[in-house]
Amino acid sequence: MKKIVLFAILFIVCISLAVGAFNEKADCDVGIADQVLRIHIRANSNGDEDQTVKYMVKSAVVDYLVPLLVGATDREKAIAIVRSHLSELSDVAKTVLENNGFYYGATAEIKKETFPTRQYDELTLPTGEYTALIVNLGAAEGDNWWCVVYPPLCFVGEVTDGKKVVFVSKLKEIIRDFFNKNK
């Protein structure tokens, strides 16, 4: 009987520790939405051509943003940089579209939008409302591509002017160190 009671107590302690560890991670993720700037590119439709050109636009937009955001030290600075280039971002998207025979236009804006959970290496961005650069292609009714502009998680490994761009994300380092310390 003592073994059963001891086992039950041990089981309850283990469950409590597991729930506590889960809650620590949840608490860590709560403030992430206030520290990142996401990007969302909406295709005109789900047609093969519209989906293909969406990725061409994505590449051109990323190429345009990489040198601009190298100096961004926080989300607010990244938002200010992107906001000051919204017209140019729309033009980049329109140029790619028109060079490929699509004349339905593009717009770029910054606004709050709900995103699903997304995993980037060791960093998980939970479902929630995030500030994002939204690039709408035409009717913007097709499948989308999304990532993170700041910290630049989707730009790692991009090549600009023949050189591989490598970013160091302080937010990512803090989160990684937190989880490594608690292992």
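**Close-up views of a predicted model**

**View 1. Surroundings of F102.** Leaving aside residues up to four places away in sequence, F102 touches E49, D50, V53 and L97, a contact being heavy atoms within 4.5 Å. The model is predicted, so that local features need pLDDT of at least 70 and side-chain atom pairs count only at pLDDT 80 or more, whereas totals for chains, interfaces and linings use all residues. Residues are numbered from 1 along each chain as its sequence is written, and side-chain values use heavy atoms, with hydrogens and water left out. F102 is found in the loop between α4 (86–99) and β2 (106–115); helices (H or I, at least four residues) and strands (E, at least two) are DSSP runs numbered from the N terminus. With 14% relative accessibility F102 counts as buried, where buried means under 20% relative accessible area, exposed over 50% and partly exposed in between (1.4 Å probe, protein chains only). The C-alpha atoms of F102 and E49 are separated by 9.4 Å, although these residues are 53 apart along the chain.

**View 2. Helix α4 and its buried residues.** The buried residues of α4 are L86, L89, S90, V92, A93, V96 and L97. They lie on the same side of α4, because they cover an arc of only 155° around the axis, the arc being that of the directions from the helix axis to the C-beta atoms. These buried residues pack against α2 (48–69), α3 (75–83), β2 and β5 (128–137). After α4 comes G101, whose phi is positive, near 85°.

**View 3. H40 in strand β1.** H40 has its place in strand β1 (residues 37–42) and is buried, with a relative accessible area of 8%. Its side chain makes a polar contact with the side chain of N144 (3.4 Å); such a contact is a pair of N or O atoms within 3.5 Å, of which, within protein, one must be able to donate a hydrogen and the other to accept it, and residues adjacent in sequence count only if both atoms are side-chain atoms.

**View 4. The salt bridges.** A search of the whole structure finds two salt bridges, each defined as a side-chain nitrogen of Lys or Arg within 4 Å of a carboxyl oxygen of Asp or Glu. In one of them R42 pairs with E113, the closest N and O atoms being 2.3 Å apart. R42 lies in strand β1 and E113 in strand β2, so the pair ties together parts that are 71 residues apart in sequence. Both R42 and E113 are buried. E76 and R75 also meet in a salt bridge through their side chains (3.6 Å, N to O); E76 is partly exposed at 47% relative accessible area, whereas R75 is buried at 12%.
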